[in-house]
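Q: Let's go through the labels on this one and check each against its cut-off. Ready when you are.

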Amino acid sequence: MELPSIAVAVWMFVCFCASVAGYPNGRVREACTSMVPCHGGSPQLSPEHTITVNGTEFKPGDTIEVHLSGPDFEGFFIQARDAEHLDSPAVGSFVLADRRHSQLLTCGGTKNSAVSHTSKAKKKDIKVYWIAPGDAPKQVQFLATVVKKYRIFWVKIPGPIVSQPDVLSPTPPLHATSEAMSTSHPVSYISKPFSASSCGITKFCIRNPTNCDPGSASCFFLSFQQEESSVFIEMSGPSEGYLAFAFSHDQWMGGDDAYLCVNEDHRVHVSTAHLKERSHPLLDSENALEDVSWRLADGVLQCSFRRSIHLPAYTGRFNLDTSYYIFLADGEASEGGLIYKHGRQPLVTDGLYNVTGVPQDIGGSRAPRLIKAHGALMFVAWITTVSIGVIVARFFKPVWSHSFLLGKELWFQVHRMLMLTTVTLTSISFVLPFVYRGGWSHQAGFHPYLGCAVMALTIFQPLMAGFRPSRHAPRRQLFNWFHWSTGTTARILAVVTMFLGMDLPALDLPDPWDTYAMIGFVAWHVGTDVLLEIHSYCLIRKVEVIEDDRVQILQSLTSAEAEGHLFKQIVLTIYVCGNIVFLVAFLIAINQV
């Protein structure tokens, strides 16, 4: 019988392939126990990569920063294990610092207990955070498997050993970057939504959208009410993960006094933390909050607590009788309370405010002013000035051929003025994100690359126009073709770039309205262009004369031409009004984010 032998051969081939299969996507759960990649061959003996940590001691619930670094490598696998029993399952859980290059895995039934790569892209450094569990062994050692190339790898590279001091009754783990620290005071429950009736009277309030009702499912609310030497704080918003706010000396994350309310298994844990640059919050070992309460209902998370205006005994806690910028953020959290980076830009107040000063009722913005200005100027340039300028040059030469402005034909002067305005607005707008970011943004996808292409074409277009040949020169047709193709390419790229930019976290116009509005504008422009093209064709057929076997437009202004010119002027008027409507809609949306 040939069939069984073939089946056995196929089975052996499959098993062989499975045993040597690589995991370029990092899904290496099969290697949880041995930490050996299924690449075949033997591991290298002398490691080239090192593991470092930011501390040597821990208590249950503490966060330890773990670094894996060395020469370029493609894959990695990190675990923490009992230092006295390295063959035992992984302990604790991890939180990611960079979700582009690392991902969490479940090993031994413990969720997020291992970290691996997401792709074969070259890496030199990986940073993650380890959260100590409540039942952690006395000593924990970090281990890493590193793959330099498919056949070149190291297994269980030993890392530092971290120890916990003798603790009689360790507290249960509630992580902040992954699980919010438990408060040290009794916790009660909130019975109803917060009220904004005292905002601006006895409370300092921040609401987004402005003047929204905290009882609604779309309102982010933060209030401060001074009571003698303490401040009572309320925070609520549509989040099933976490809400957080922070006091800051500037409008950038880093060196801030933060407060987190994290939903962990349908219970909210409130904690204080310190924000160090753009990394995960570093929890305080002690909690200075009192009268903690919380509520989860209808997708809205509420928490309230009290803290003293001055807390000299707590490092990193700001005095509340000073003015600060205030951040308000929300995001997702895992079932274990692990919090992830906020998916959109935090709400930031537009100025410095003292929450114990005169009560106010203010809003905030999720988009920085420079980014708002960037978006607004680009919309003005590429929705109004350039679009109208193209229509004028394409269809209004015969309409305004006998009208002059400053010695030039009217259509040309209007076209040139609109295009130079486009260049000016685009140039100013192009600089603003670099001023805001202080350099290149690596988290904006293709938007900045396409933006640079648009800027280059925008500068090239008027430079090319400055060297255009005379009207009857042999190279004039070649110039016309290049001028048209460059401008058309710039306009197409600009629309694509705006499509991508509208959903970036720094601006993030409301979905799906922004997409529909931009599609509507493109359809509006293309429809107007097609309508004028059809009209021009019909007009030519109506007034054409046969001369030397070719079609020629009559130069004299016939009644048909007059009717055609009037039609074009009406269409242009309607088109300009439509463009202004689209522009105003986008500017209003930008102002509201």
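A: Start with strand 2 (residues 63–73) and strand 7 (residues 123–131), which pair in the antiparallel sense over eight bridges. Bear in mind that this is a predicted model, where local features need pLDDT of at least 70, side-chain atom pairs count only at pLDDT 80 or more, and totals for chains, interfaces and linings use all residues. Residues are numbered from 1 along each chain as its sequence is written, and side-chain values use heavy atoms, with hydrogens and water left out.

Q: Why are strand 2 and strand 7 called paired?
A: Strands (DSSP runs of E, at least two residues, numbered from the N terminus) pair if DSSP finds at least two bridges between them. Strand 2 and strand 7 have eight bridges, so they count as a pair. In that pair, threonine 63 stands opposite isoleucine 131 of strand 7.

Q: What makes strand 1 and strand 4 edge strands?
A: The open sheet has four strands in the order 1-2-7-4, with antiparallel pairing. Strand 1 (50–53) and strand 4 (93–96) each pair on one side only. From one strand to the next, the twist averages 30 degrees, with axes taken as lines fitted to C-alpha atoms and angles running from 0 to 180 degrees between N-to-C directions.

Q: How do you know that cysteine 199 and cysteine 205 form a disulfide?
A: The term covers a pair of cysteine sulfur atoms within 2.5 Å. Here the S to S distance is 2.1 Å, so the pair qualifies. A search of the whole structure finds four disulfides, and their pattern is 1-2, 3-4, 5-6, 7-8, with bonded cysteines counted along the chain.

Q: Is the disulfide of cysteine 199 and cysteine 205 left-handed or right-handed, and why?
A: Left-handed, because the torsion about its S-S bond is about -80 degrees.

Q: What about cysteine 212 and cysteine 219: which hand does their disulfide have, and why?
A: Their sulfur atoms are 1.9 Å apart. The torsion about the S-S bond is about 55 degrees, so this disulfide is right-handed.

Q: Why does cysteine 212 count as buried?
A: Buried means under 20% relative accessible area, exposed over 50%, and partly exposed in between (1.4 Å probe, protein chains only). Cysteine 212 comes in at 11%, so it is buried.

Q: What does the disulfide of cysteine 261 and cysteine 303 tie together?
A: Cysteine 261 and cysteine 303 are joined with an S to S distance of 2.0 Å. Cysteine 261 lies in strand 15 (residues 256–264) and cysteine 303 in strand 19 (residues 300–308), so the link ties parts 42 residues apart in sequence. The S-S torsion is about 80 degrees, so this one is right-handed. Both cysteine 261 and cysteine 303 are buried.

Q: Why is cysteine 452 called partly exposed?
A: Its relative accessible area is 27%, so it falls in the middle class. Cysteine 538 gets that label as well, at 45%.

Q: Which residues make up the nonpolar patch, and what gives the most to it?
A: Trp440, Phe446, Tyr449, Ile492, Val496 and Leu500 form it on the surface, with about 600 Å² of accessible area together. Helix 5 (residues 476–501) gives the most, with three residues.

Q: How exposed is leucine 500?
A: Leucine 500, found in helix 5, has a relative accessible area of 38%, so it is partly exposed.

Methods:
Patches are made of residues with over 30% relative accessible area and no salt bridge: like charges are joined within 9 Å, nonpolar side chains (Val, Leu, Ile, Met, Phe, Trp, Tyr) within 5 Å. Accessible areas come from the Shrake-Rupley method with a 1.4 Å probe; for residues, only the protein chains shown count as cover. A salt bridge is a side-chain nitrogen of Lys or Arg within 4 Å of a carboxyl oxygen of Asp or Glu.
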